[in-house]
Amino acid sequence: RVELEDDITRSFDLSINEYPLAQGKGAQGKIAKKLSLRISSFWKKIIQDLGESDQLETLLDHTMEWLKCLCKSRQAAIRHTCAAQAYWIVDGLIADAITVQHELEGKSKQLDSKKNRKLSGRLSKDVKSLEQRLEGLNDMMKKAFDSVFIHRYRDTKSFIRKLSLESIGEWIQSYPDYFLKNDFLKYLGWCLNDQDASVRFAVLSSVKTLLESEDHVEPMRNFLERFMPRFLEMVEDTDSNVAAAAVETATSFIKYELLEEDQGGSIPALIWDHDEAVSAAAAGFIVADTFSFTTDDEATKNEDDLLELVMLFHDNYSQLEEKGTVSSKIGAMDKMIEGLHGELSFLQDWKLYTKVLLSASGKMKTSKKWEEDKLEILAHILLSVIKCTKNRNEEIDQRRKDKKESDKEITAMSKILSGQLSKLLNTYEAESESCLPLVQIPRFLDLDVYSGRGKNFKQLLKSLKSIYMKHIDANILKEVVRTVQYLSETSHDLAEEAEHFGVELLTLIVQQLSDYKLDSSLDEESLEAIKIGILRLLVLAKHKDCSSLIDLNFDRLMEENLLYAGADMELGKYLLDLEFMRILWEFRRLEDNNGSDGLDQRVGNLYEVVSQVLVSNDCDDAIKTQACKLTASLFVISSSGKVIRPADDLKENFRAFLESKITNIEDEIDSELITGAGSLIFAYSEFKDIVHALLMQYSKNSSLDEVLKAIMSEMRKTDFDTLLKAQLGSLKKVYKDEDEARTKELASKFALLHSFSAKKHSFSIFLKEGVEFSRTEGITFLDTAVLPFAKRCSGQDLKSLYGNLYREKKASNFGEDEGKALDDFMNSLKKILKKRKDRKEMPPPPPITEAKTGEAKKDEKKKKVDSQEDNKMDEDEDEEGEAKSEGNDDDDDGVESEKENKTVDVSSEGELDETQPQKAAGSRRTVRSRKKKDSRKRKSREQEASPAKKRQTKRRSARNRK
């Protein structure tokens, strides 16, 4: 065995898994798969041909002895190959045993038949012979099992264990009469705890496949009961594929009533799992566990199923919210409906929703089983089902036949809901949780169904108006405005009427506010009413141009509620936002003009208010933060020159507040404020240090990183050089204020944001300014901050950088440490270029030379002539001259001059080595030019060749490749 193992090891490089059956992706995997099929077919053919011969048992006995011996090898490749051979032999035995078994069943039936009594003696012999043959095949399977499988299912290599368990699963499935016993099933159960996920998945796949046949359930009952706790534990496996397979296996348990009532309770919540496979498997479990029973009364069943679905969400949502699995109720509902939409037919019973919602609430309440919290969930379910139906309709290709059916479904849904929607809104207008999803429904309907139903459309608008004027919940107000905006902007017959409705709603709110004397003192009740009205007006102003319709003066009210202690800061914030929205809409209208005096006056007033807010001790931090957000946007707008620019004192106050927020940015992150601060770099250059300080915080907080990435991405789109300057400014600040390690970390993070496609941009600004900074602040800045960016630069930028450094090195006197750091950095640049494909080596740049006089130029010319003559001399003469120069101490100057003439001219094309001879560089260029000429000649000859010659060449090439 040892000798054979050594021979096999020498034949293949087993250290890198290069052997015929090696598992892998790509070509190697395909080869292994084809070879496996061929060897398996070979053994099946051998066993089939030698089935009735004594030679089969002898052959397999000797073969199994060899395989048993080699399966103990220290080489995993040998163990794997031998185990596979043994398992293929068992496959062949099983195939032959199944054939014998079918033949035995036929003979037995003939023997039991009365018509064949005359042939009973012959049939009895045949039956006995077949029984003996079947028993022999079973014995050979048992030997193979005991010789190889018993040892290899516990192999140290996971892929061998996986192969073993996949094989036994196939054996049980194909030959259950022999293998479907606890003696073999126990190995599957033991390996449910395997440390490798692929092995656990193989076991679950085998069990799941076995449970597809009802005939296998009873023989497996003891096995399943014994390992049931482990099966249910695996639904929360760390590997998503294993968890999904475990859930699917549990679904099979439900089919055969193998689960107790208190088992599997944690599985339904997995429908909200982030992994799609686990979520889909959990949806299948829910359908099988809750909605699979049938009844004669379909209407009652659908309502009961709908209530079960509501209870499913009701029982799990609170736990999901505590764990942080879902972000909102609407998002959680959408996730659940997306998984169950195609599985439950009652989800699209639109009449059922309207019937339950209208009959279970309000004065017409007739059902007692639907409580208020359940109706809220039902309203969210209705919205989620409508959205899912609409989204799936949009995903269907226009050319497919399914599109017509889907369009009919959307039209039918819209017709039913459009007639009842206003009733639903009127019924639930006072209940915020139920009203929120209902006001969104019109945005997902086919609005063409309202053609000819103008009365229904007017009722819908009336209901929306009533909800908007009764609620103070900002979320409901936003959704109502979005719905009205959709109704007015979507192309349909009644869009103009929806547009008039929006103006009417706005006019009503302004009229209510104008009834109050805003420039005088107000009582608490009036202030509360004004605050509600301002909130409604603000929500409308964010979606619709209201500036021309709002003629109210809020200046005094804004100052009172922003600058003085004890004021209503929330009202002041609303007024600040409303004034900003009025400015934005007016600026948009006048964007093509040069501005207007009225707009400048309004902007100036807002500047003054914000400046007072920032220095006020009575304003809370939230108001100041909001004021800074608005001011940052105004600064960007004012940089266009179409509105007045801010005063210096406002800039200083604004800067001071931003710096204080950036210093404590890790405590609380306001993404809007950070985004606004990042946009300042495009407005005023004096704020660039603020942006630099902001980018210094990158890679310190994951939430902050996403915001800063978005800022830098916007900079890249707008102006690439601006981004480079901002990143370099941040690195300079970190290098000065912190340490080199942090500088290198931040530079590496910044460089990763530039993909290799960024080479089309020039990094010359970054490199040039980085080199200049390193001269004064420290040469190590090159290695810590510039080098990560150099890896993203083009070859041209690298050559330019190398040239600057080369000249700097020749012209300046660096200390020992600085010189070494500079040499290391330059060597790193050379390594970067050498790694680039089809990149020529970089020549040294020309040195800095002083202006030469006429005589100096003549001497230089003479030296070049002398150098050319020396190059023409024979090697013996060169050696003799060198020997003489070495023996004569007085000729040292001449030797040095000769060496200088032999060194490479730094302006020529050559190696980076400063002592490389000029002749060598020239010879390399000559060789390259000759190769290019030969290549062009060869291509021209191929193009001029005849078609017959081309075919001959093609056949010869194919033959050579073969």
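**Close-up views of a predicted all-chain model**

Figure 1. The model is predicted, so local features need pLDDT of at least 70 and side-chain atom pairs count only at pLDDT 80 or more, whereas totals for chains, interfaces and linings use all residues. Residues are numbered from 1 along each chain as its sequence is written, and side-chain values use heavy atoms, with hydrogens and water left out. Helices are DSSP runs of H or I with at least four residues, strands are runs of E with at least two, and both are numbered from the N terminus. The axes of α20 (residues 474-489) and α22 come within 9 Å and cross at roughly 40°; such axes are lines fitted to C-alpha atoms, for helices over the stretch in contact, and their angles run from 0 to 180 degrees between N-to-C directions. On α20 the contact uses L477, K478 and V481, and on α22 it uses L535, R536, V539 and L540, where contact means heavy atoms within 4.5 Å. Sorted by class, these residues are 5 nonpolar, no polar and 2 charged; Ala, Val, Leu, Ile, Met, Phe, Trp, Tyr, Cys and Pro count as nonpolar, Asp, Glu, Lys and Arg as charged, and the others, Gly among them, as polar.

**Figure 2. Helix α22 also packs against helix α24.** The axes of α22 (residues 524-541) and α24 (residues 569-589) approach within 9 Å and cross at roughly 35°. This crossing is left-handed. From α22 the contact draws on L527, K531, I534, L535, L537, L538 and A541, and from α24 on E570, L571, Y574, L575, D577, L578, M581 and W585. There are 12 nonpolar, no polar and 3 charged residues in this contact.

**Figure 3. Helices α13 and α14 meet at an oblique angle.** Helix α13 (residues 298-323) packs on helix α14 (residues 329-340) at an angle of about 135°, with the axes 12 Å apart. That angle makes α13 oblique to α14, and their crossing is right-handed. L309, L312, F313 and Y317 of α13 face K329, A332, M333, M336, I337 and L340 of α14. The contact holds 9 nonpolar, no polar and 1 charged residues.

**Figure 4. L340 lies in the largest nonpolar core.** A nonpolar core is a set of buried Ala, Val, Leu, Ile, Met, Phe, Trp, Tyr and Cys residues joined through side-chain atoms within 4.5 Å. The largest one has 272 residues, of which I168, F179, L309, M336, L340 and Y468 touch the most other members. Helix α4 (residues 76-112) gives the largest share of this core, 15 residues. Leaving aside residues up to four places away in sequence, L340 touches I271, A283, I286, V287, L309 and L347. In soluble globular proteins, nonpolar side chains tend to be buried together.

**Figure 5. Helix α34 is mostly covered.** In α34 (residues 781-790), 9 of the 10 residues are buried, meaning under 20% relative accessible area, with exposed being over 50% and partly exposed in between (1.4 Å probe, protein chains only). The buried residues are F781, L782, T784, A785, V786, L787, P788, F789 and A790. They pack against α31 (720-737), α32 (740-752), α33 (764-777), α35 (795-811) and α36 (816-835).

**Figure 6. T631 is buried within helix α26.** T631 belongs to α26 (residues 621-638) and has a relative accessible area of 1%. Beyond residues up to four places away in sequence, T631 touches V610, L650 and F654.

**Figure 7. Two glutamates sit in loops.** E257 lies in the loop between α11 (240-255) and α12 (276-290). The phi angle of E257 is near 55°, a positive value in a residue other than glycine, and at 69% relative accessibility E257 counts as exposed. E429, in the loop between α17 (402-428) and α18 (432-438), counts as buried at 15% relative accessibility. Not counting residues up to four places away in sequence, E429 touches C435, S466, I467, K470 and H471. The C-alpha atoms of E429 and V439, 10 residues apart along the chain, are separated by 9.3 Å.

**Figure 8. The whole protein gives the setting for these views.** The protein has 41 helices and 0 strands. Of its 962 residues, 44% count as buried. Among contacts between residues at least 6 apart in sequence, 71% join residues at least 24 apart.

Definitions and conventions:
Angles under 35 degrees count as roughly parallel, over 145 as roughly antiparallel, 65 to 115 as roughly perpendicular and the rest as oblique. A crossing is left-handed if the near helix is turned anticlockwise from the far one by less than a right angle, and right-handed if clockwise.
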